[in-house]
Amino acid sequence: MINILKMDFHRFRNNKIMYLLLLLFCAFQIFGIFMMQQYSQSIEEGGVVVSRMNESEFIQYNISQPSSWMLIYIAVFSIYFYMSEYNSGFHKNYISMRNARIYSVLSKMLILAVFIILLFITLLMSDWIGRSLFFGNASLGDLGFFVKLLVGQFLLHWAFSILILCIAMIAKNLLVSLTAGFILALNVVGMSLAALESLVEGIHLSKYLLINTLVRIKDFNNTGEVMHTTFVAVAAIAVFTFIVVRYKIKEDLNV
């Protein structure tokens, strides 16, 4: 496990695409804040002008916009990181060993967690720079709420990255995986199910979908919201991890 993690981390650390994605994300986030500043008086969320939001409100406002740019960046990196190893054929060095297959999946999940942490750090830095320059407002808001927001969103985004990893491992095709990733990032499935539910009274299953939970603005001071977010995130992580590990164990060496 340690050796596989070291190899994956070495690939991660020397991955130029990762640095490029973070740089692009930072640049577009700051540019997006600049564009918001041009129309700040006309952009409101729940009666609050965007320029007067604290960081917790601003993060939730951005994540709730379709499509979520963070999900697109996560999808691109998750697919590229796996496919680069698969296309090189390196996976055949350990695919004959059952435990190594499992460790390989767990290692990539940990690498994805590190990437998401870096993405959130980049988000916070970009927001601080952009909001300070263009809004003159870099307040965090309530610290307890802010921490719960970050933890909850990290778990949800990590679950999404594991879902994308699962798709990439099963599809083994860059174009198919990217298409599926973009469809999920646009929340086509969640919005379609919510639309169908609106036709049937008393059914609210769509609120338990991962992407729907991720993009919904949540009150993390509400215990029910915290429990709902934690349940959806942990359940998604457990289910997608089980699926991808089971698939990797049964994967054919000649695939």
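**Figure 1. Surroundings of Phe115 in the predicted model.** Leaving aside neighbours within four places in sequence, Phe115 is in contact with Phe12, Met18, Leu21, Leu22, Tyr73, Ile74 and Phe77, where contact means heavy atoms within 4.5 Å. This is a predicted model in which residues are numbered from 1 along each chain as its sequence is written. Local features need pLDDT of at least 70 and side-chain atom pairs count only at pLDDT 80 or more, whereas totals for chains, interfaces and linings use all residues, and side-chain values use heavy atoms, with hydrogens and water left out.

**Figure 2. The nonpolar cores.** The largest nonpolar core has 59 residues, and those with the most contacts inside it are Phe77, Phe115, Leu119, Trp158, Phe160 and Leu210. A nonpolar core is here a set of buried Ala, Val, Leu, Ile, Met, Phe, Trp, Tyr and Cys residues joined through side-chain atoms within 4.5 Å; buried means under 20% relative accessible area, exposed over 50%, and partly exposed in between, with a 1.4 Å probe and protein chains only. Two or more residues of this core come from each of helix H2 (16-38), helix H3 (55-63), helix H4 (69-88), helix H5 (98-134), helix H6 (143-171), helix H7 (174-185), helix H9 (210-215) and helix H10 (223-250), and H6 contributes the largest share, 14 residues. Apart from this core lies another, of 7 residues, which include Ile33, Met36, Val50 and Met53. In soluble globular proteins, nonpolar side chains tend to be buried together.

**Figure 3. The chain as a whole.** The protein chain holds 10 helices and 2 strands, taken as DSSP runs numbered from the N terminus (helices H or I, at least four residues; strands E, at least two). From the N terminus on, the elements run α-α-β-β-α-α-α-α-α-α-α-α. Of the 255 residues in the protein chain, 46% are buried, and among contacts with a separation of 6 or more, 78% join residues 24 or more positions apart. The chain exposes about 12,800 Å², of which carbon and sulfur atoms supply 69%; accessible areas come from the Shrake-Rupley method with a 1.4 Å probe, and for residues only the protein chains shown count as cover.

**Figure 4. The largest pocket and its lining.** About 360 Å³ of space lies in the largest pocket, and of the 17 residues that line this pocket, the closest to its centre are Gln29, Met36, Asn62, Gln65 and Trp69. On a 1 Å grid over the protein atoms alone, a pocket is an open set of points where a 1.4 Å probe fits, with protein on both sides within 12 Å along at least five of seven lines, and lining residues have an atom within 4 Å of a point. Grid points are joined across faces, edges and corners, and the volume is the space filled by probe spheres set on the points. H2, H3 and H4 each supply at least two residues of the lining, with H2 giving the most, 6 residues. The lining divides into 11 nonpolar, 6 polar and no charged residues, with Ala, Val, Leu, Ile, Met, Phe, Trp, Tyr, Cys and Pro counted as nonpolar, Asp, Glu, Lys and Arg as charged, and the others, Gly among them, as polar.

**Figure 5. Positive phi at Lys172 and Asn187****.** Most residues other than glycine have a negative phi. Lys172, in the loop between H6 and H7, has a positive phi of about 55° although it is not a glycine, and Lys172 counts as buried at 14% relative accessibility. Asn187, in the loop between H7 and helix H8 (188-197), likewise is not a glycine and has a positive phi of about 60°; Asn187 is buried, with a relative accessible area of 10%.
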